[in-house]
Amino acid sequence: MITNPSFVIHPPQISSRKSTPSIHFSNFNSSQAIPIAYDSKRRCDVFDMHNELVPYAKAWTWQKSIVEERKKLVDKNEDLCDSVIILQHPSVYTLGIGSSEDHLKGIKNFYRTDRGGEVTYHGPGQLVMYPILNLRYHTMDLHWYLRALEEVVIRVLSSCFTIKAARHEGLTGVWFGDQKVAAIGVRASKWITHHGVSVNVTADLTPFDRIVPCGIQDRQVGSIKELLRQPLSFEECGKLHFTDDQLVNATYESLMKEFSEVFQVQLCMKPRPYYTENNISRLTV
């Protein structure tokens, strides 16, 4: 149940103000994390394209380009900052490295990627966040990393929309009841991550009907927009109306704030990369 009968969007601002870290992960062991004092927080460059539709192939190429550059820097002990890309994709289906095509229900056009996880759908109205982090400066544990990404989204849903989402034991992602609101699939090479998390904000959910999302047969897919349309209590309180742009922008702002808090990084906004159909420029690292 969504418990706030007077929901108002208050998108948090990306800020460099000093704050005391307050990380409380359920089913999450933070004791292995490397403590980082605020004044020496690791920089994280943000490539903000959250209101743009970026073709999947281009985003994947950008990520791989950054990872290769970062691995060279690691070898020279010169890897000084992390990166995060946030965007939307045109409609596309992607499969994880070991996922089954039986979950496609006849879909012929898809990308077989090098991430973990099963089949999923990306499309307009879904925010996709690709963190490219050196886990040597965080915690060298992929299970920790997955739980941390879940924590970011759980905090966003709670702080921005008063939606009390949770984890399901044995399943990766963020859930409201039996509805999966955020899917996660990652890869790490030399402890440098890519791929990431997708959050259904205002996305049309019908394309998920053509697949078995994440290979899970008995669960549904949800979105923030659809959850906010549900009754706010057992007594009918009416329904709330917000534009799609408001929801996307509020979710983006909150994702950036919570990401910076959970991973204890200092965000640095960077110009969007230039690309054409025949050329994909590298993102500066």
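**Strands.** I started with strand S3, residues 92–95, and its link to S5: 3 bridges join the two, and they run antiparallel. I'm working from a predicted model here. Next I looked up who sits across from Tyr93, and its bridge partner in S5 is Tyr121.

**Helix H1.** I checked the length of H1, which covers residues 56–75. With 20 residues at 1.5 Å a residue, I'd expect a span of 28 Å; the end C-alpha atoms are 29 Å apart, so that agrees. After H1 comes Asn77, and I noted that its phi is positive, near 60 degrees.

**H2 against H4.** How do helix H2 (residues 142–161) and helix H4 (residues 244–263) pack? I got an angle of about 135 degrees, with the axes 9 Å apart. Angles over 145 degrees would count as roughly antiparallel and 65 to 115 as roughly perpendicular, so H2 and H4 go down as oblique to each other. Their crossing is right-handed.

I also listed who makes the contact. From H2, the residues include Trp144, Tyr145, Leu149 and Phe161; from H4, among them are Leu247, Leu255, Phe259 and Phe263. Sorted by class, the contact of H2 with H4 has 15 nonpolar, 3 polar and 4 charged residues. Glu151 and Arg155 of H2 are on the contact list too, as are Glu258 and Glu261 of H4.

Technical notes
Residues are numbered from 1 along each chain as its sequence is written. This is a predicted model: local features need pLDDT of at least 70, side-chain atom pairs count only at pLDDT 80 or more; totals for chains, interfaces and linings use all residues. Side-chain values use heavy atoms; hydrogens and water are left out. Helices (H or I, at least four residues) and strands (E, at least two) are DSSP runs, numbered from the N terminus. The expected span of a helix is 1.5 Å times one less than its number of residues. Axes are lines fitted to C-alpha atoms, for helices over the stretch in contact, and angles run from 0 to 180 degrees between N-to-C directions. Angles under 35 degrees count as roughly parallel, over 145 as roughly antiparallel, 65 to 115 as roughly perpendicular and the rest as oblique. A crossing is left-handed if the near helix is turned anticlockwise from the far one by less than a right angle, and right-handed if clockwise. Contact means heavy atoms within 4.5 Å. Ala, Val, Leu, Ile, Met, Phe, Trp, Tyr, Cys and Pro count as nonpolar, Asp, Glu, Lys and Arg as charged, and the others, Gly among them, as polar. Two strands pair if DSSP finds at least two bridges between them.
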